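Subject: Structure handover

Hello,

Here is the structure for your files. My notes follow below it.

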Amino acid sequence: MPKFETVYVIGKFSPLHNGHEHVIRTAQQNCSQVVLLSWSLPEFDGCSAEARLRWLETVFPDCIALVIGSKAVEKFDFSPPPANDASDQVQRNYTFNIIKMADLPPPDAVFSSEAYGLGLSQSLQEAFIRNVSHVSVDFDRTQFPISGTDIRADVHTHREYLSPDVYASFVNSVCFVGAESTGKSTLSERLAADMKTPRVEEYGRTLWVERGGELDFEDYLHIAETHIEMEEAAKRKANRFIFVDTTPLTTLFYSKEHTGRVDPKLIELSNRRYDVTFLCHPDFPMVQDGWRGEESFRQAQHEWYLKELAALQIDFVSLLGTLEEKIA
């Protein structure tokens with residue numbers, strides 16, 4: 001196969017799957033620069049322009065990635081993309097206009113696993129008055145027998161065709177918040193085990209114990225940032241869900257309680273959203289482990305959560321009753 005200077009790979013990437021990755025990696029092996037273009041009208045659930053741009057930039061950091069509809073391309077003032085069912089010629093003209101308006105390098109080849117590839121390369125050859133080859137990669141889908149349509153129908157069944165960075169976008173985050181000794185750790189551990197998926201422990205608690213209950217003001221932002229990093233890492237290994245023991249909102253509470261102040265960035269992080277938020281109520285006797293406050297402190301903390309969740313407009317599900325009732 002001849003070597004090319006600039007190769008274009010164009011697709012919806014909704015979502016980016018192993019078949020797409022195979023085409024792109026084959027292009028990388030046969031050129032100096034790969035340009036990835038993507039648009040979709042309408043967009044598909046879970047595959048927003050921002051998500052697609054993040055996937056492409058994460059998995060292929062050495063490529064030029066341009067996703068129409070993402071904030072990264074607002075400066076170009078592109079016209080809205082053609083509908084997904086628009087004619088091939090309309091799609092070809094739009095491709096040419098994007099390349100010209102964004103001042104992208106002219107194509108030497110188009111790599112694809114779709115029927116449109118040959119016609120697109122011929123159209124770009126005429127538009128740029130230069131030779132533009134077409135290279136078909138796994139057209140019969142023998143190496144990766146999957147399509148975006150199949151994956152969108154059931155992402156979790158077809159997760160083997162998605163890189164961990166892409167699959168993480170489809171994982172639901174389930175968090176447990178509440179006062180001390182209300183069952184958060186027990187619940188998150190039990191549900192994660194039942195669902196065979198990762199649990200994210202309360203990093204603030206871990207560090208608090210390691211430091212013997214002595215934390216500095218700067219530690220609280222570090223706790224929140226580290227906890228979020230742990231969540232994102234867990235998503236890459238998850239099975240549909242991750243179960244999270246407390247959130248940065250908890251760290252905000254303890255920063256105020258122990259230092260009397262809060263880092264502005266921690267305030268921002270405390271507004272982090274989860275797919276489901278469970279509020280554990282203090283409706284059973286408190287278990288004192290030597291690190292917790294008194295019963296009055298637990299009740300005051302519960303009231304604080306009710307107030308803050310309402311102020312932040314975070315929907316939550318209350319968990320009351322016995323442990324088994326809460327698990328159910």
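How many of the eleven residues of helix α1 (residues 18–28) are buried? Nine of them are, so α1 is largely enclosed by the rest of the structure. Buried here means under 20% relative accessible area, exposed means over 50%, and partly exposed is in between (1.4 Å probe, protein chains only). The buried set consists of Asn 18, Gly 19, His 20, Glu 21, His 22, Val 23, Ile 24, Thr 26 and Ala 27. Their cover includes the strands β1 (4–10), β2 (31–38) and β4 (109–112), together with helix α2 (49–59); a contact is heavy atoms within 4.5 Å.

Some notes on the source. This is a predicted model, in which local features need pLDDT of at least 70 and side-chain atom pairs count only at pLDDT 80 or more, while totals for chains, interfaces and linings use all residues. Residues are numbered from 1 along each chain as its sequence is written, and side-chain values use heavy atoms, with hydrogens and water left out.

Overall, the protein has 13 helices and ten strands, taken as DSSP runs numbered from the N terminus (helices H or I, at least four residues; strands E, at least two). Its radius of gyration is 25 Å, well over the 20 Å that the globule rule gives for 328 residues, so the protein is more spread out than a compact globule. That radius is taken over C-alpha atoms, and the rule is 2.2 Å times the number of residues to the power 0.38. Along the principal axes, the C-alpha atoms fill a box of roughly 80 × 40 × 35 Å. Of the 328 residues, 50% are buried. Among contacts with a separation of 6 or more, 73% are between residues 24 or more positions apart.

Next, the sheet. Five strands form an open, parallel sheet in the order β7-β8-β6-β9-β10; two strands pair if DSSP finds at least two bridges between them. The edges are β7 (199–200) and β10, each with a single partner strand, so one side of each is left without a neighbour in the sheet. Strands β6 (residues 172–178) and β9 (residues 276–280) are joined in the parallel sense over five bridges, and Phe 176 has Phe 278 of β9 as its bridge partner.

Lastly, Asp 315 sits in the loop between α12 (295–311) and β10 (317–319). Asp 315 is exposed, with a relative accessible area of 73%. Thr 277 is 38 residues from Asp 315 in sequence, and their C-alpha atoms are 7.0 Å apart.

Regards
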